[in-house]
Structure formats: C-alpha cells, structure tokens
Amino acid sequence: RTHTVEKPYKCVECGKKFTFHYSLMIHQRSHTGERPYKCMECGKSFSCSRHLHYHKKIHSGEKPHKCVECGKGFRWNCALAAHKRTHTGERPYQCIECGKTFTCGSNLYYHKRVHTKEKPYQCEECGKIFTHSSSLHSHKRIHTGEKPYQCMECGQSFTYSSSLNLHKRIHTGEKSCQCIECGKTFYNNDSLTRHPRSHKLENPYKCMECGNSFTCSSNLNTHKRIHTGEKPYQCMECGQSFSRKYALTTHKRIHPGKKPYQ
C-alpha cells in the first residue's frame with residue numbers, strides 16, 4: 001500500500017483516509033479526545049504510545065542525534081534530518097496552492113489547513129476549534145486554570161511557554177522590539193504595535209458610557225470597571241477586592257511580613 005498509495009480505512013467523522021487500520025484508530029482519538037498514554041513525570045497525556053515515547057526524552061534530556069555541521073543535538077532523527085536542510089538550504093516540500101516550501105513534510109501537512117480552513121480539534125468546554133491538537137491542549141488550560149510554566153526568578157506561573165519567555169525579559173532587561181520613530185524599546189511586539197498610536201495621537205477604543213478613548217483595547221476593558229464596579233483582583237489575606245492588578249500588589253504590602261518592594 002505504501003507503493004500503491006492505497007488507503008482503504010476511512011474516518012466516518014471527517015472522511016480522512018489511512019493506509020493502515022491502527023493509523024485510523026489513533027486518528028479517531030482526535031475526535032473523541034481520548035489520550036490513553038500518560039507521562040508519569042508531568043501527567044501530560046497522548047493519543048498514541050509513540051508520542052509518549054518521544055515526549056519522555058524531554059524529561060531525560062536525551063538528544064542522541066547530533067548535527068555534524070554545528071553540533072546541535074536533537075531528540076529525534078526526523079528533527080535532525082529537517083535541521084540539516086537549514087545548512088543546505090533544501091526545502092523539498094512545496095504547497096501546490098501557494099508555492100510555499102518547507103524543510104519537513106509535517107510543516108507542509110499543517111500548512112495545508114490554511115487553505116482548507118480545516119480545524120478538526122474542538123474544545124468540549126466552549127466549542128472553540130483549532131487547527132492543531134497542541135493548540136487545543138494549550139487552550140484547555142484556560143478552563144482548568146493550569147499554569148505549568150513557572151519563572152525561576154520570581155515564581156510567577158503562566159499558561160503558555162511563550163508567555164513565560166516574554167516575562168523573562170523583565171528580569172533580563174531585554175527589550176528587543178524598537179520603535180523606528182523615536183527609538184523607544186519594548187519587551188514584546190504587542191506593546192510596540194500599540195506604541196505608534198502615541199505619535200499619531202490615535203485612540204481608536206472608545207467607552208460607550210462616558211466617551212473616554214484609549215490607544216489599546218486592554219486599557220478600555222480596565223476602564224470599563226469604573227462603570228460596572230467589577231473588582232476581579234482579591235487579596236487572599238483579608239478578602240479586599242480591587243479593579244486593577246497593581247492596586248492589589250500595592251495593597252499586599254500592608255500585611256505583616258510583606259516586603260514593601262519585592
């Protein structure tokens with residue numbers, strides 16, 4: 001079947017076809033949400049045993065596949081094969097829709113969903129759909145409250161690894177995003193995107209209650225609490241609530257044993 005490209009096993013949910021029956025069984029778990037293979041180290045679960053086997057290398061730190069060009073190590077041989085193409089410039093996988101090329105087949109496979117608009121992974125809690133299973137897995141943390149990524153400097157935890165990476169810049173002082181107008185630097189691209197409005201005096205986000213306008217939607221959302229009376233930040237010591245996070249941070253200093261600037 002590998003040579004004939006015969007795919008006799010079809011998914012009744014989405015119509016996708018497979019060469020082998022076990023491949024269909026694993027695929028069907030993307031619809032049912034079943035993830036029977038669980039990591040004993042961190043509790044993360046997977047739809048097939050092979051993915052769990054690969055995942056375990058994250059904990060062991062094992063990277064047996066080395067690049068002879070630069071010495072970089074990889075957990076999996078397929079990752080090394082894709083990496084080698086960064087040295088050769090080879091991008092053998094091409095999208096027939098837009099012509100974009102890729103170093104590995106899996107990247108092309110996921111890219112195709114941009115054109116097909118396929119989003120096969122759905123959250124059972126809120127119904128939101130995703131292109132990749134990893135995106136759904138990360139999204140679920142919004143509902144569970146799980147924050148597995150912790151800063152070693154201050155102990156603050158985050159839902160996503162990207163959020164932790166951005167946060168680390170506060171400690172390192174790294175501000176890699178610079179405004180070409182005035183040279184001011186920022187920790188992340190979102191802040192840089194909002195900043196040019198200060199040059200143009202642009203305030204596109206307007207409060208329907210009082211007419212006040214703001215440069216970014218987050219400032220408008222915070223402002224609205226003045227009208228709604230919402231105070232989502234609560235002190236665990238005394239129960240007092242605040243509309244702004246910095247007000248809670250300042251308040252905490254009044255409790256015994258709290259350092260004024262920490």
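The model is predicted, and local features need pLDDT of at least 70, side-chain atom pairs count only at pLDDT 80 or more, and totals for chains, interfaces and linings use all residues. Residues are numbered from 1 along each chain as its sequence is written, and side-chain values use heavy atoms, with hydrogens and water left out.

The protein chain contains 10 helices and 18 strands. Helices (H or I, at least four residues) and strands (E, at least two) are DSSP runs, numbered from the N terminus. Of the 262 residues in the protein chain, 24% are buried. Among contacts between residues at least 6 apart in sequence, 3% join residues at least 24 apart. The accessible surface of the protein chain is about 18800 Å², and carbon and sulfur atoms account for 49% of that surface. Accessible areas come from the Shrake-Rupley method with a 1.4 Å probe, and for residues only the protein chains shown count as cover.

Within H4, the buried residues are Leu108, His111 and Arg113. The end C-alpha atoms of H4 are 17 Å apart, which agrees with the 16 Å that its 12 residues should span at 1.5 Å a residue; the expected span of a helix is 1.5 Å times one less than its number of residues. Just after H4, Lys117 takes a positive phi of about 65 degrees. Lys117 lies in the loop between helix H4 (105-116) and strand E9 (121-122), and counts as exposed because its relative accessibility is 65%.

Ser30 is placed in helix H1 (residues 21-32). Its side chain reaches the backbone oxygen of His27 at 2.6 Å. A polar contact is a pair of N or O atoms within 3.5 Å; within protein, one must be able to donate a hydrogen and the other to accept it, and residues adjacent in sequence count only if both atoms are side-chain atoms. With neighbours within four places in sequence left aside, Ser30 is in contact with Pro120 and Tyr121.

The structure holds two aromatic pairs. Rings of Phe, Tyr and Trp (its six-membered ring) pair if their centres lie within 6.5 Å; planes under 30 degrees apart count as stacked, over 60 as edge-to-face and the rest as tilted. The pair of Phe20 and Tyr22 is stacked, because the ring centres are 5.6 Å apart and the planes are at 5 degrees. The pair of Tyr109 and Tyr110 is edge-to-face, with 5.3 Å centre to centre and 70 degrees between the planes. Phe20 is partly exposed at 35% relative accessibility. Tyr109 is also partly exposed, with a relative accessible area of 34%, and Tyr110 is partly exposed at 36%.

Zero disulfides are present in the structure, a disulfide being a pair of cysteine sulfur atoms within 2.5 Å. The sulfur of Cys126 is 3.8 Å from the closest cysteine sulfur, that of Cys123, and this is too far for a bond. Cys235 is likewise in no disulfide, and the nearest cysteine sulfur, in Cys238, is 3.8 Å away. Cys235 is buried at 2% relative accessibility, whereas Cys126 is partly exposed at 45%.

Key: Contact means heavy atoms within 4.5 Å. Buried means under 20% relative accessible area, exposed over 50%, partly exposed in between (1.4 Å probe, protein chains only).
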